[in-house]
2 protein chains.
Amino acid sequence: MPAPMTETAKLSQQIVELYERLSSWEQDVVKSSGLSPAQMHTIEIVGHCGAALRMKELAKKMGVTTGTLTVMIDRLEQQELLRRSPHQTDRRSYLIALTEKGRELFAEHHQYHLRLTEEITATLSQEERAMFSAVLGKIIGQM
Amino acid sequence: MPAPMTETAKLSQQIVELYERLSSWEQDVVKSSGLSPAQMHTIEIVGHCGAALRMKELAKKMGVTTGTLTVMIDRLEQQELLRRSPHQTDRRSYLIALTEKGRELFAEHHQYHLRLTEEITATLSQEERAMFSAVLGKIIGQM
DNA sequence: GGATATAGTTTGAATGTCAAGATGTTTGCA
DNA sequence: TGCAAACATCTTGACATTCAAACTATATCC
């Protein structure tokens, strides 16, 4: 007979489970786009951020080194999904921004996220949805 | 002025945000263990599953090909974190299970997860925690 | 008993990753 | 001003991850 599980243990397990499922969902969706997961992640970060970013800033947001980012941006630039433009006042820097094609890809991917969110929260009551959002807000604030 | 965000859009954004933060938290924790993220992920899946698994089963659970898994298991076996043992009735198969050292690593990592869960849910009321768990259960059931 | 399917490994190619070093630019200070 | 130090990015070399496809050994089905 398994030991009784504490409330924290159950929550932890559920969070891990949710993470795993989101992860494999994302993997499936990305596969159909032709990009690698890391490439799509880059598009997502740049797209979500909105404003153009320096390499250094983007690397920090993504948790990779600038060396890694250089080749990532090279490839995405070859696919015309984003563009380096010279920084106005700092000639060492580039500003990274999505092209029109990149924005379209980002928008499409965003729609997938919205659809998933609708699906997985479909059975929640109005009250549960509101409370879930409030709790998520608190949790994210703690991290 | 930004367009008003629908409730679904807000939830979607929060889920993405939570995912991102869990992801970078895990990356930091794994870095301190000396293993790569993929290696730790393998340990987590095998450890969480409990029973010994065939290569094929494990590959499916992890969403990788068996070819990928072969070299992953090779490396983890070299580090004595898990072991291949012959399948009792099918001589084509191995059963993959954690060693004592692997179980210790898994237990330690599991403790990190518990601690994180406690931290991020610390400000929730008893009621909120219960409801959050119930909603997570529903959501996971929908995926 | 032989054809076919299955489990796992190997190989070759592409990508992702980092640390360390190189290049060009900016900043701070003497 | 002019030079040293800091900074942003890129390059290089090494290794990990990943897949598809070919390969080996075993199991299953007729």
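Is Phe132(B) buried or exposed? With a relative accessibility of 2%, Phe132(B) counts as buried, where buried means under 20% relative accessible area, exposed means over 50%, and partly exposed lies in between (1.4 Å probe, protein chains only). Phe132(A) also comes out as buried, at 2%.

Before we go on, a word on the model. This is a predicted model, in which local features need pLDDT of at least 70 and side-chain atom pairs count only at pLDDT 80 or more, while totals for chains, interfaces and linings use all residues; side-chain values use heavy atoms, leaving out hydrogens and water. Residues are numbered from 1 along each chain as its sequence is written, and chains are lettered from A and ligands numbered from 1 in the order in which they are written.

Let us stay with those two phenylalanines. Phe132(A) and Phe132(B) form a stacked aromatic pair, 5.7 Å centre to centre with 25° between the planes. Rings of Phe, Tyr and Trp (its six-membered ring) pair if their centres lie within 6.5 Å, and planes under 30 degrees apart count as stacked, over 60 as edge-to-face and the rest as tilted. The pair crosses between chains, from helix H6 (residues 126-142) of chain A to helix H6 (residues 126-142) of chain B. Helices (H or I, at least four residues) and strands (E, at least two) are DSSP runs, numbered from the N terminus.

How do these two helices meet? The axes of H6(A) and H6(B) come within 10 Å and cross at roughly 110°; axes are lines fitted to C-alpha atoms, for helices over the stretch in contact, and angles run from 0 to 180 degrees between N-to-C directions. H6(A) and H6(B) are therefore roughly perpendicular to each other, a term for angles of 65 to 115 degrees, with under 35 roughly parallel, over 145 roughly antiparallel and the rest oblique. Among the residues making the contact are Met131(A), Phe132(A) and Val135(A) of H6(A), and Met131(B), Phe132(B) and Val135(B) of H6(B). Contact means heavy atoms within 4.5 Å. By class, this contact has 10 nonpolar, no polar and four charged residues. Here Ala, Val, Leu, Ile, Met, Phe, Trp, Tyr, Cys and Pro count as nonpolar, Asp, Glu, Lys and Arg as charged, and the others, Gly among them, as polar.

The chains meet elsewhere too. Helix H5 (residues 100-120) of chain A packs with helix H1 (residues 7-31) of chain B at about 100°, their axes 9 Å apart, which makes H5(A) roughly perpendicular to H1(B). Residues including Leu114(A) and Ile120(A) in H5(A) meet residues including Thr8(B) and Ile15(B) in H1(B). The residues of this contact divide into six nonpolar, four polar and one charged. On chain B, Leu114(B) lies in helix H5 (residues 100-120) and is buried at 17% relative accessible area. Leu114(B) touches Thr8(A), Ala9(A) and Ser12(A), leaving aside residues up to four places away in sequence.

What other ring features can you find? Over all chains, a search of the whole structure finds two aromatic pairs. The rings of Tyr19(A) and Tyr19(B) have centres 4.7 Å apart and planes at 15°, so this pair is stacked.

Finally, look at a loop. Most residues other than glycine have a negative phi. Glu80(A), though not a glycine, has a positive phi of about 60°. Glu80(A) lies in the loop between helix H4 (66-78) and strand S1 (82-86) of chain A, and is exposed at 53% relative accessible area.
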